[in-house]
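Visitor: I am new to this structure. Please show me how to read it, one feature at a time.

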Amino acid sequence: MAAAPFSLDGKLALVTGAARGLGFVMAASLARARATVLLNGRDEARLAPAVEALRGEGLAVAPIVFDVADEAAVAAAFAAIERRDGRLDILVSNVGLRDRRPIGELSLGDMRRMLEVNLTAPFGLAKRAAALMLPRRWGRLILVTSIAGPLSRAGDAAYTAAKGGLAALTRSLAVEYGPHGITTNAIAPGFFATETNADRVADAEVRTFIERRVPLRRWGRPAEIGGAAVFLASEEASYVNGHVLTVDGGMSVSF
Ligand SMILES: NC(=O)c1ccc[n+]([C@@H]2O[C@H](COP(=O)([O-])OP(=O)(O)OC[C@H]3O[C@@H](n4cnc5c(N)ncnc54)[C@H](OP(=O)(O)O)[C@@H]3O)[C@@H](O)[C@H]2O)c1
């Protein structure tokens, strides 16, 4: 019998930064679509409740602890995946760091750190993931960028530069790995009411801004990001390659 549409049955996925926020939602959505999912975070204790919650639903998930910006730790984690599973089918590179300061307050070191976590680390993760996908000629690389990439605002230069670079990297990975059966796409979230944004969600001024700027007149609910990840990871997206899928309630097409 053919698998149900969007089924990820039999696939092994890794989601970075999955202890909470959008990473947790995407990991949960992939697991509910029947993938086995490795949830990454830097801290075992912070990761444990996320893993337990999904196991409580009967889902196939496991923690994998490493800092995406620590090259040696990333290498060790991928070596462990290779030893244990011999493959990886889906990577969601979700970790992102933000530094909301004016350009005049950002040192070159601050800029390097932002590029390191937001751009260099996903490059390394995609490269290592692809190495585990190439032998089977099947893979899905999914990078999490942002509407702050094509769009910019004052006090966000380092993040915007890194996320814009990530969209460009998506295209480069797509053309280089496409001939080998691996697709690469990105998800660009708009304003999501995640834990990290709790202060902003509570801020009346930000609410007024969102209601004015976002055609759907509200923040994105974290659960609303999961479908994009499942779609891009699925067989149904087999001819989608090099695309940035914006999930922003229409904000970036409104003016
Ligand atoms: N939320 C939004 O509205 C929004 C909008 C546009 C784009 N995005 C993008 O979406 C992604 C997720 O955003 P979010 O707000 O859900 O994230 P978040 O809540 O800030 O962080 C998600 C997870 O990342 C982990 N993490 C942080 N640094 C890490 C590192 N160096 N290595 C491994 N894990 C790390 C954290 O766990 P530990 O601290 O336990 O390691 C945390 O659980 C980011 O790329 C962000 O730029 C978000």
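Guide: Start with the ligand. Helix H1 (21–32), strand E2 (36–41) and helix H5 (157–177) each supply at least two residues of the shell around it. Helices (H or I, at least four residues) and strands (E, at least two) are DSSP runs, numbered from the N terminus. This is a predicted model, where local features need pLDDT of at least 70 and side-chain atom pairs count only at pLDDT 80 or more, while totals for chains, interfaces and linings use all residues. Residues are numbered from 1 along each chain as its sequence is written, and side-chain values use heavy atoms, with hydrogens and water left out.

Visitor: Which residues come nearest to the ligand?

Guide: A residue is near a molecule if one of its heavy atoms lies within 4 Å of it. Of the 27 residues around the ligand, Arg42, Arg46, Asn94, Tyr159 and Thr196 come nearest.

Visitor: Which polar side-chain atoms lie 2.9 Å from the ligand?

Guide: A polar contact is a pair of N or O atoms within 3.5 Å. One such atom of Arg20 is 2.9 Å from a ligand oxygen. The side chain of Thr194 has an N or O atom 3.1 Å from a nitrogen of the ligand. The protein buries 91% of the 890 Å² that the ligand exposes when taken alone. Such areas come from the Shrake-Rupley method with a 1.4 Å probe.

Visitor: Now the sheet. In what order do the strands run?

Guide: Strands of a sheet pair through backbone hydrogen bonds, either parallel or antiparallel. Two strands pair if DSSP finds at least two bridges between them. Here 7 strands form an open sheet with parallel pairing, in the order E3-E2-E1-E4-E5-E6-E7. Strand E3 (61–65) and strand E7 (244–247) are the edges, each with a single partner strand, so one side of each has no neighbour in the sheet.

Visitor: How many bridges join E4 to E5?

Guide: Strand E4 (residues 90–93) is joined to E5 by 4 bridges. Ser93 faces Leu143 of E5. Strand E1 (residues 12–15) also pairs with E2 in the parallel sense, over 4 bridges. There, Val15 is opposite Leu39 of E2.

Visitor: Is Pro135 buried or exposed?

Guide: Buried means under 20% relative accessible area, exposed over 50%, partly exposed in between (1.4 Å probe, protein chains only). Pro135 has 65% relative accessibility, so it counts as exposed. Pro135 sits in the loop between helix H4 (108–133) and strand E5 (139–144). By contrast, 5 of the 6 residues of E2 are buried.

Note on methods: A polar contact is a pair of N or O atoms within 3.5 Å; within protein, one must be able to donate a hydrogen and the other to accept it, and residues adjacent in sequence count only if both atoms are side-chain atoms.
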